[in-house]
Amino acid sequence: MPEPVRADLGALAEEHAALAAASPHGRSAHLLLHDGVLRQTVIALTAGSSLDEHNAPVAASIQVLRGRVSLTIAGRQQEVAAGELHGVPQERHGLLAHVDSVVLLTVVTT
């Protein structure tokens, strides 16, 4: 049986926030866990950076590890702050960082 994934989310947030700050696109991502249909990714965005609108997976959530972001859905913004967990709706959506931010994205794919 493979060893379970263990990660220091604080250290990963720090590392990827620094990588995002150094990136011309203002973002950095790291696939932390890929186990069958389950994926977890740490995503760092600098203030004002975004992930363009894209299709929703089967099921997903974001947990904001630091900062403040908004899920953008059909012209609306749903703000999510550090320490909060938010389900991702089953419709096209994007993500906008209001300040330097790091999120843990959990996705179930098919």
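Predicted model: local features only at pLDDT ≥ 70, side-chain atom pairs only at ≥ 80, totals over all residues.
**Exercise 1.** Determine how α1 is placed: which of its residues are buried, where they sit around the axis, and what covers them.

Solution. 

Step 1. Helix α1 runs over residues 9-22, 14 residues in total. From first C-alpha to last, α1 reaches 20 Å, close to the 20 Å expected at 1.5 Å a residue.

Step 2. The buried residues in α1 include Leu12, Ala13, His16 and Ala20. They lie on the same side of α1, because the arc they cover around the axis is only 100°. The general rule is that an α-helix has 3.6 residues a turn, so residues three or four places apart point the same way.

Step 3. Exposed residues Ala21 and Ala22 are on the face of α1 turned away from the buried side.

Step 4. Among the elements covering the buried residues of α1 are the strands β1 (27-35), β2 (38-45), β4 (59-66) and β9 (101-108).

**Exercise 2.** Decide whether Ser101 is buried or exposed, then list what surrounds Ser101.

Solution. 

Step 1. Ser101 is located in strand β9, one of the strands that cover the buried residues of α1.

Step 2. The cut-off for buried is under 20% relative accessible area. Ser101 has 3% relative accessibility and therefore counts as buried.

Step 3. A polar atom of the Ser101 side chain lies 2.6 Å from the backbone oxygen of Val99.

Step 4. Leaving out residues up to four places away in sequence, Ser101 touches Ile43, Ala44, Leu45, Arg66, Gly67, Arg68 and Val69.

Key
Residues numbered from 1 in each chain as written. Heavy atoms only, no water. Helix = DSSP H or I, 4+ residues; strand = E, 2+ residues; numbered from the N terminus. Expected span 1.5 Å × (residues − 1). Buried < 20%, exposed > 50% of the residue type's maximum accessible area, 1.4 Å probe, protein only. Arc of directions from axis to C-beta. Contact = heavy atoms within 4.5 Å. Polar contact = N/O pair within 3.5 Å; in protein donor to acceptor, adjacent residues only side chain to side chain.
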